[in-house]
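Subject: Structure handover

Hello,

Please find the structure below. My notes on it follow.

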Amino acid sequence: MQNKYEVLGVVGEGAYGIVYKCRDKETKEFVAIKKFKETEDEIVKKTMRRELKMLQLLKHENVVEFKDAFKKKGNLFLVFEYVERNLLEVLQESPNGLEPSLIKTFIYQLCKAIKYLHDQNVIHRDIKPENLLITNNHKLKLCDFGFARKISMTSTETLTDYVATRWYRSPELLITNGYYGPEVDYWAIGCIMGELADGEPLFPGENETDQLHCIQKILGNLPQDQVDMFYKNPLYNGKTLLDIDRPETLERRYMGKLPKIAISFMKGLLELDPK
């Protein structure tokens, strides 16, 4: 890294690696370099391989641009275009939420990125504000493909259920022991829309059961097949679902903060039944 790039500072750190802001010594261009921690952990190694494979496949204006990969002393380094901020930082600057026109701009670009991924038979599985990079002129770039994977859209294969940060997980991700599809990405977009509208997470559950309770309080009771799966899932032994007569509803929560058409779109993204 020292030969070609000058390290200017750390811009992020996660479970698997550190992201540095760097400058290319020849071109003077700023780049972001993700260094994966040296590890013998097979899950981490699988994540590294998966992310590299995905990045080599994906090219879209709303997906962060992958430039290069290299290894040094057993560590894998991935080189990306440098983007100034992420959506979490934008939210922290506007704690009461963003203007509806800006929400529309960001959500439209995120939908374009996800449509592109799904057209490639890829689901992202970890859409959250930290993974949405925002340039100074409000261009959105989806990043972090460690949980992304290719699937057959007609397959019934079981997928791992520990993906997606809890607040952005759909009911089928929480309940079904790995039977889910690309709809999990739509759900996360709906959650982010709500967060952008008032600055507060839409479903801030403290654990898996509480996550389902947060969803029910706003959207109402789960469909019967999900209720049945909940009570069959050993993760929820001894736990119960709420019985909600009068859910808060998305209309009540966001009326006056989002136009009716935006709330209607959010409702479509946040259908309890993925079908």
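A residue is called buried under 20% relative accessible area, exposed over 50%, and partly exposed in between, using a 1.4 Å probe and protein chains only. C191 has 1% relative accessibility and so counts as buried. C143, at 13%, is buried as well.

This is a predicted model, in which local features need pLDDT of at least 70 and side-chain atom pairs count only at pLDDT 80 or more, while totals for chains, interfaces and linings use all residues. Residues are numbered from 1 along each chain as its sequence is written, and side-chain values use heavy atoms, with hydrogens and water left out.

Cysteines

A disulfide is a pair of cysteine sulfur atoms within 2.5 Å, and the structure holds 0 of them. The closest cysteine sulfur to that of C191 is in C214, 11 Å away, which is too far for a bond. For C143 the closest is in C22, at 16 Å, again too far.

Strands and sheet

Helices (H or I, at least four residues) and strands (E, at least two) are DSSP runs, numbered from the N terminus. Two strands pair if DSSP finds at least two bridges between them.

β1 (residues 5–13) and β2 (residues 17–24) run antiparallel and are joined by 7 bridges. They form a hairpin with 3 residues between them, and V10 stands opposite Y20 in β2.

An open sheet is formed by 3 strands in the order β6-β8-β9, with antiparallel pairing. β6 (85–86) and β9 (140–142) are at its edges with a single partner strand each, so one side of each has no neighbour in the sheet. Between β8 (residues 132–134) and β9 there are 3 bridges. I134 stands opposite L140 in β9. Helix α3 (residues 100–119) packs on this sheet and touches β8 and β9, where contact means heavy atoms within 4.5 Å. The direction of α3 makes about 35 degrees with that of β9; axes are lines fitted to C-alpha atoms, for helices over the stretch in contact, and angles run from 0 to 180 degrees between N-to-C directions.

Largest pocket

A pocket is an open set of points on a 1 Å grid over the protein atoms alone, where a 1.4 Å probe fits, with protein on both sides within 12 Å along at least five of seven lines; lining residues have an atom within 4 Å of a point. The largest pocket is lined by 39 residues, and G14, V19, K34, N131 and D144 lie nearest its centre. The largest share of the lining, 5 residues, comes from α1.

Regards
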